[in-house]
Amino acid sequence: MRCTSHPDQFERRHNGPRDHEEKDMLTTVGASSMQQLIEETIPSSIRNRPPLKVGEAMTETDATLKLFNMVSKNKLKKSYIGMGYYNTITPPPILRNIIQNPGWYTPYTPYQAEISQGRMESLVNYQTMIADITAMDIGQASLLDEATAAAEAMAMCQTICKSKRKKMFISDLCNPQTIAVCQTRAEPMDIEVIVGKVEDAKMDSSLMGVLLPYPATDGTIHDYSSVIKQANDNKVTVVMVSDLLALTMLKPPGEIGADIVVGNTQRFGVPLGYGGPHAAFLTCKDAHKRAVPGRIIGLSRDAAGNPAYRLALQAREQHIRREKANSNICTAQALLANTASFYAVYHGPEGLKKIAARVNGLAKTLALGLKQSGVKVCDLPFFDTVKIEGVDAQAVCKKAVDAGMNFRQLDKQSVTISLDETTNPSDVDAILAVFGANKSSAEKLSEQVTPGFDGALTRQSKFMTAEVFNKYQTETELMRYMFHLQSKDLGLNTSMIPLGSCTMKLNSASEMVPVTWPEINSIHPFVPVDQVQGYHEFLDELNKWLMDITGFDAISQQPNAGAAGEYAGLMAIRQYHKHHGNTNRNICLIPRAAHGTNPATAAMCGMDVVPIECDDMGNTDMNDLKEKIELHKANLGALMITYPSTHGVFEDTVVEICKMVHDAGGLVYMDGANMNAQVGFCSPGHIGADVCHLNLHKTFCIPHGGGGPGMGPIGVNKKLAPFLPNHPMGVTGGEHGIGAISAAPWGSASILPISWMYIQMMGSRGLERATELAILNANYMKDRLKNEFEILFTGKNGRVAHEFIIDLRPFKASCGIDAVDIAKRLCDYSLHAPTMSWPVAGTLMVEPTESESKFEIDRFCDAMLAIREEIREVEQGKADPENNVLKNAPHTMAEVLGDKWDHPYSRDKAAYPVPALRERKFWPSIKRIDDVYGDKNLVLRLAKTDQAKAAN
Ligand SMILES: *Cc1c(COP(=O)(O)O)cnc(C)c1O
């Protein structure tokens, strides 16, 4: 017996179909072998890549050990670096029940409101929390990080002044990464950024906006009343970058004249993670609500008139407005927003105030101890950050490192020390010792300080008065509340989520476990690089694998989502043209079927979008492409193309398309969000693209978190490598880099172990198998459904790639049944609808992924076939054209059990259309959402109520 390799290979856990089922499925699709299926699916012209070099698969245990050994090389020191990132205590019930819970981390963005009420309720808590604490009218449901949130706010300033003003003033006391990201963003948007001292700034009518840090990067708190008055008088939009914990004590921006407030919610229980993921916040005055970027959850009602949440103001977004969208943000940071939201629910306003007072008290204690020993401390007001002046900053920081701490070196003679929720008096003693200032102990010193601010800086107003923030301070109640919300949401722990273009595959436990190791998640993003050798060892290996998989020469891990990757990649193309003296090359060709983020991103990069038509087969119309290339030859900057196409087909012509664009002097951006049908068989680099982004939260197993986090690294060839994003706080990027595009140099580094584990545990062959099975599963489903439904677009041999589109428009014509009726009826079958009406209206796009078993995809096909019979009943007049199971879907438990039942079909037919549902049934928590009502009566936060009684 051979017993050298372990019998339990991860590939068999990740991939759905068993070997014997694979044979049956191949028979169903009419292929004699997997090889034949692949040859008939992926054009031979692009199957030109060498075999993957990832190597042998490792078992779950061995891969975990390998990763652990690597990251054990990280040196864990206490960081007091601040700059928007603080140590925090994740309350264990939140760690266990939210962050580590597939019920919360596996759902998708809440497009299907009826099965997403739980996380939307929590996100409305979040919106209320951030709006309350900043004292602004409304908040949105998370941005990627503080720096990009500030850049988004700058874009809002441009919208608000209707682009009539060209200058943005940014205080030089903002965090350096925030200034850097705004500068990168401003340039293609034709905004002139002025970085300077607020005292010297003139708030005249040439400015669109001003960005004011409150508190500042060096911890100081300034009185901005005169500058804000001047700004308000001259219609200069006032944006403040702030800190939620500080604002529980400090007069909030809304009470001193801010129009927009941004910041990070990281210190509300979200681990540092060497840069992320965290949720940034943005709040603003009601007047600016239509200019807000990203997702907003709003209250509406369902078909029964009951209150219900849904994504609000979708009409602002790139899916609809494309290059005119407010922003390109798609995936945001929902899971982390929910973490911060629950932190606020857990502590309540009183708890937050106590935490803030303690942090402030300890900071004051530290300052006092230093002063008493003759160390010079800046005497401006501060919240948590003590600024020490007149020292040999480098020597002090080195001494701190030797004592196990990281301080921030501000300049040659000053350092800052930022305290946080985790700081104890003994930590203050240790800090004092670095300065030889420990004559008396922190315990003693603290008796002489009183937390708080002088007069005008003190917050008087209440916040978070809504009941939810004052009710769940016991763990028992909190646990039940979290479970109650979770049980309203359909995640991968309930059923497959066959969302085309979204690749909802397994997020395995082995992949997820390392994310919450302290070696991964407790590290500040700006620690000296010699403390993170382990991090960079696995990052380098991951990058090497991704280069192999994409066929590219360099990777940037800075982009925090797919759309951020598009931005980084297109900016690199733009910089390439500029570098070669071709600033005129600003035309971006984008097929009409492209994801909405593509045109929105091109617009952010200052490019002019020229759409390319699709032919009847769903392919890029070669004649139109030729014409447009010819027309724009002199100014052609880039073509953005999705491959396989958004229609789920491998286009034969892609190599020729790349060549045509190159011949005309343009570069090719490949949207590689969906690499799932390519990995191991073809690659953007070998096809001829110059850059692509990867959605690690699609193909490479990072969970969707109910709407984020994600990671969208880009791969580039040698031409573009010099232009990769760099960063003021880390050595990364190319020699002619585009600047920073995220707050942290390596984006949301702490979720990269997920993708590392996936690749390591699959090995070269396992990754190929995943691609084969993703293609088999899609073709199997297509063939099971094709006799009853029209399948839009197939390749030359009648094959689809990893997804396919079902055309439902014929039913609209035959009996008035819409795509949305079918999508909602699938909820009654305990299934998540496929992607609806994109990229073609009136269709569903199905992507099973390799992780779904034959059992589950058969369950989906059976449901679709049963629904086809239900449609037939309407077509044949056996069912009422309006009062039928489809139009009334989904059916809730309250409705089915209620006394009132005025439908011509039975309750049984409504709730249990197939027998298997009697054993396993997921109940939608609301009836069909009323979108129109919600947008007409916009409610984006919980009502302010002063009646709420504090639980204690
Ligand atoms: C998902 C997706 C994107 C956007 O990625 P985000 O991470 O949501 O920003 C872009 N293009 C395609 C084809 C996608 O499927």
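Trainee: How many residues surround the ligand, and which are the closest?

Mentor: The ligand is surrounded by 16 residues, the closest being Thr-331, Ser-501, Asp-671, His-697 and Lys-698. A residue is near if one of its heavy atoms lies within 4 Å of the molecule. This is a predicted model: local features need pLDDT of at least 70, side-chain atom pairs count only at pLDDT 80 or more, and totals for chains, interfaces and linings use all residues. Residues are numbered from 1 along each chain as its sequence is written, and side-chain values use heavy atoms, leaving out hydrogens and water.

Trainee: Why is α3 called roughly perpendicular to α26?

Mentor: The axes of α3 (residues 34–41) and α26 (residues 752–785) come within 10 Å and cross at roughly 75 degrees. Angles of 65 to 115 degrees count as roughly perpendicular, and therefore α3 is roughly perpendicular to α26.

Trainee: Which residues of α3 make the contact?

Mentor: Met-34, Leu-37, Ile-38 and Thr-41 of α3 do, against α26 residues including Arg-769, Leu-773 and Asn-779. Contact means heavy atoms within 4.5 Å.

Definitions and conventions
Axes are lines fitted to C-alpha atoms, for helices over the stretch in contact, and angles run from 0 to 180 degrees between N-to-C directions. Helices (H or I, at least four residues) and strands (E, at least two) are DSSP runs, numbered from the N terminus. Angles under 35 degrees count as roughly parallel, over 145 as roughly antiparallel, 65 to 115 as roughly perpendicular and the rest as oblique.
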